[in-house]
Structure formats: C-alpha cells, structure tokens
Amino acid sequence: MATNSYTLLSALGTLLLGLVVTVALVCGYTYLVTVTSFHINARKHTDTSAKAQLAHSPPLVPYFVPGLGSTITFSNQNIGTYWTWLQSQASRYRQDAFAIILAGVHTNFIFSEAGISTIFKSRQLSREKLDQQLGVNVLGMSKEDSVKAFPYDVAEKEKSSVAKIYSEHLLSSSAVNALTGKFMETFRAELESDASLGEGIEVDLYDFLWRKVFVSSATAQCGSTLLEMFPDFSTDYKTWEDNLLGLLFGTPRLFARSAYDARDASVKKLEAWLNAGYAKPLKDGEDPDWEPNFGAKVMRKRHDYYHQQGLSIHGQAGFDLIAIAGIISNATPATGWLLLHILSPASPSDFRSRIMTELDSSRNNDGSVDIPALTRLPLLNSAFHEVLRFARRPLREARRTGHGAYVDDTPEPGVLRESEVFDPERFLTKDAETGKVGYSIAGLGGKYFPFGGGHYMCPGRTFAKQEVLGTVAVLLLNFNIDFIGFTGQGSGKHGFPGIKKGYAGNQVVGIEGDMRVRIKKRSAGI
C-alpha cells in the first residue's frame, strides 16, 4: 500500500513538474518571439514624421501569456502606472504608437498629434462593439437588447438616433439652459432645506458635495419622481459607479458580487420608475422642458428612441442608468477636485481670494449667479481646465470590428510646463496690447481634449461645465467654509486627497481621501 501511494505521488509530482515546465516553455517562447518582433519593428520605424508613419502597424508590446497578452499589467489599479510606462517606452524607442494584446483584442495606443487628429476626423471608426459589451456587462442588458440599443447603423433618415437626440436636446442652448436652471434650482433648494447649515456643521467636503449634487443632477435629468420613489437610489448607484470599469472588463460575479448586486438593484428600481412614468403620459401636444415624472426633454426623447428600437423595459432601465452616469460620474468629481484645490492650504496663498473676487463679479442683483458670466471668468475657467487635465486619465477609445485604438490626451511636458503639478494659472492668457487677462486652450489640438473628440465628443460637456462652475459659485458665495484637515487615505502632498484606485478609463478619476471642513450659511437666502 505504501509503495502504491509513493508511486502515485511520484507520478503526480512528475505530471505537475511537466505541466509547470510546459507552461514556462510556452510563456518563454511567446516572450522571445514577441520581444524579437517588437525590436525588429521598432527599429524599422523610428522616423516619426507623418509621411513615414502612414503605411505600417505599430510595434506590438512583448508579452508572456498567449491570448492574455498585456491584460494583467494594463489592469494595474494604480491609475496611470501602465500609461506612464508606455509613454516612457515611446520616448525610448522613438515611437508614436504601440500595439498591445488586451484580453485577446489587438489594441493600438496612439501618441502622435497627427494620429490622434486622424482618428477624430474619421467617420469609419465606431465603438458599437464596445458599447454592446458595456450594455451586457455594465448595464445588465440581454445581448439582443444591447444590439438594439447600440446598433452599428440607424440607416433610415426619418428614424431617431441617440446622436441626433443629443444634438437637439442636450447640446442646444435652450436645452443646456433648461437643464442648468433646473439643476441650480434643485441644488439651492437642497442647501436651503438643510437646517444644520444655518448653525454650522463639520463635514467631509466631498462626501457632503456628492450627496447634494447627486440629488440635484438626478432630479434635473430624470425628474423628482425617481428619488421620491427610491430615496436610497444613490446608495446602489454609488457602488455600481465605483465598479463600472471592473464590470466592463468582465470581472466575474464571484469576485465582484456587490457590484453586480448594485447594478441589478439600480436597474430594477429604474424599471419600476419607467413603468410608473409610462402610466402617466403627457397630454397630446405637451412637451415641456422639464416635468416631474421623466425630467428633462432629452430623457423623454431617449425613451421614444427605446420604443423605436424595441428595447425591453429591462434594457430601457439599463440604458437610463448609463445616461444618469454620463453627467454625474464626471461632473461631480470634477467639482470635488476644483473645490479641494481652492480650499486647500497647500494651494497658492492668493488662489482662493482671487477666485472669490471673480465670483463676486458674477452675482446678479437678486443674489443669484449669472451662469454665462461664470463661463468667462479667467482664473476659474483656467482652474477648471487644469482639473480636467490633471484629474482625467489619458485614455480615449474608438473601436472598429474588434480592433481598439487608445489615444493620449495628456499635453506634452514641453507644451505645458511641470505637467505633474496642479497649476490653476496654466491656461491663463494676457493680451499683449490691452493687458486684459483671459484663458485659452487654443493651440493644443491633438494634445488636450478633455471631452473627447470627433463624433464621440461628450454631448453633455456644456451642461457639465455649467454644473461644475455653478456648484462652486453657490457654495463659495453663500457659505463660510473653513478648512479643518484632511481625512482618509489621501496620498497627495500634506495629506491632500489622491487618485482613487481603479481601472484606467476615460472618466474624471475618483477621489481617495477627503477634506474636513466647517460649513455655515452666511445669510437667510441662497
């Protein structure tokens, strides 16, 4: 018996050793082949002029594991780590683009201004395959619904498309003004209804901000009924949003149960909200800018599109979930980063006072804020663009038939000095003749595009900017906010909040840590 057991263990050991050796040989052979190919291709194409770059594929970054490629290193949740390494290799080998294998997909990373501009100008590139993946993984749609929601083409001119809806009902001046007006009205009401602010309270600034802005933004977009039906909607939403990219990359439910549960709970609540709204249709001829059941006109036009495409109620709810996230997941952290820098004692000593001087000039006679005036304030807008430069990770994506292309939107250090330092004056300009101070991002085409580019440029960009600037103005003009200290696991200088760990994407990065402040209302009205 002992001999048989020894023989069995010996056989299993030999088998295991053989398996390890086989895997090592396969991985070693894969790396040897890919690293050799990389160096050959890199040496062939070191001329980065536009003419020389027209007719070849970029070098493929070496990897060990067949099929998996660079997926593990790309998935480093210290956001920016892989990108920074890739940029260093681009400089080392004098390349304007690299290719990697990402979860079995051949994906190109593009650094050159010419290459980026070409991608944005292209009308052939599309991202429907990625969007359909998002529909299934992130929004919980069936495959059938995801194809209907994100079709490769809506050919008939008489039919609606999401792009057409956004052009008419999200980008137009009237639509933006209506959305901003409702957001500001709701935000002021949220602050007025909080009795504790009259006496003054200590809060973690970003946590406080997120809760107030979520209610205001969701109400402006979706109407008041959603949060009346589900006052706790933000809880599941926040969990889902924090894990959105993990879901997109296909993290198994076993390792992200809370994310999947939050997604499913959010979609279920949105299904109930949609059914309640459909049961109370508007009267014939009614088409208000905002109404309590479905909110802004753009949402109702999206719902018409859902019916045109034949989406199930479950698919419609998932599609509305990403519509809500389109604004909240970017504008809210952008507002947080801007306020944190304005209020931080580590910022330039006169930064806050200069911002306050500008904000005072934007007050209307009735005490309200002149939103168009806010968008013209030089330092405030320079700081806003610096937030977008500093707090967005440099990944943009376009997909065509399974092939990806990521482009670098980080301005080159030679163009923008000290790129790793937050500089609120970075985009300020001064007229040589008049001496008038302004702000500008002119001359950075192909290097800096915080809202994306081409026909996939963010359709909510104007509303998002007005939301950010309006929120900052209302808080700073109507409240005394005193710094107490930094809290949490901030990794920045002097404990300043750092970048929240997560997968690299194309959104404003999350905030790790917070700022403890005392906030007190200055006057009776806001």
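This is a predicted model: local features need pLDDT of at least 70, side-chain atom pairs count only at pLDDT 80 or more; totals for chains, interfaces and linings use all residues.
In this structure, helix α10 passes helix α20 in a right-handed crossing, where right-handed means that the near helix is turned clockwise from the far one by less than a right angle. Residues are numbered from 1 along each chain as its sequence is written, and side-chain values use heavy atoms, with hydrogens and water left out.

Let me stay with the two helices for a moment. Two packed helices are described by the angle between their axes and the distance between the axes. Here α10 covers residues 205-222 and α20 covers residues 461-478, and they pack at an angle of about 125 degrees with their axes 12 Å apart. That angle makes α10 oblique to α20, given that under 35 degrees counts as roughly parallel, over 145 as roughly antiparallel, 65 to 115 as roughly perpendicular, and the rest as oblique. The axes are lines fitted to C-alpha atoms, for helices over the stretch in contact, and the angles run from 0 to 180 degrees between N-to-C directions. Helices (H or I, at least four residues) and strands (E, at least two) are DSSP runs, numbered from the N terminus.

Now to the charged side chains. A search of the whole structure finds 23 salt bridges, each being a side-chain nitrogen of Lys or Arg within 4 Å of a carboxyl oxygen of Asp or Glu. One of them joins K238 to D242, with the closest N and O atoms 3.1 Å apart, and both residues lie in helix α12 (residues 233-242), four residues apart, which is about one turn of the helix. K238 counts as partly exposed at 22% relative accessibility, and D242 counts as partly exposed at 40%, on a scale where buried means under 20% relative accessible area, exposed over 50%, and partly exposed in between (1.4 Å probe, protein chains only).

Which residues are linked in a network of salt bridges? They are D287, D289, K297, R300 and K301. Within this group, K297 forms a salt bridge with D287, the closest N and O atoms being 3.8 Å apart. This pair links distant parts of the chain, since K297 is in helix α15 (residues 297-309) and D287 is in the loop between α14 (257-278) and β4 (290-291), 10 residues apart. The side chains of K301 and D287 also meet in a salt bridge, at 3.5 Å from N to O. Because K301 lies in helix α15 and D287 in the loop between α14 and β4, that pair ties together parts that are 14 residues apart in sequence. D287 is partly exposed at 34% relative accessibility, and K301 is partly exposed with a relative accessible area of 21%.

Turning to the nonpolar surface, Y31, F64, V65, L68 and I72 form a patch with about 440 Å² of accessible area together. F64 lies in the loop between α1 (2-44) and α2 (71-74), and at 45% relative accessibility F64 counts as partly exposed.

I will finish with a few single residues. R94 lies in the loop between α3 (81-93) and β1, and R94 has a positive phi of about 55 degrees although it is not a glycine. A97 is found in strand β1 (residues 97-102) and counts as buried at 17% relative accessibility; A97 and N108 are 11 residues apart in sequence and 6.9 Å apart in space, C-alpha to C-alpha. E199, finally, is in helix α9 (residues 196-199) and counts as exposed at 64% relative accessibility, while E199 and R522 are 323 residues apart in sequence and 9.9 Å apart in space, C-alpha to C-alpha.

Conventions:
Patches are made of residues with over 30% relative accessible area and no salt bridge: like charges are joined within 9 Å, nonpolar side chains (Val, Leu, Ile, Met, Phe, Trp, Tyr) within 5 Å. Accessible areas come from the Shrake-Rupley method with a 1.4 Å probe; for residues, only the protein chains shown count as cover.
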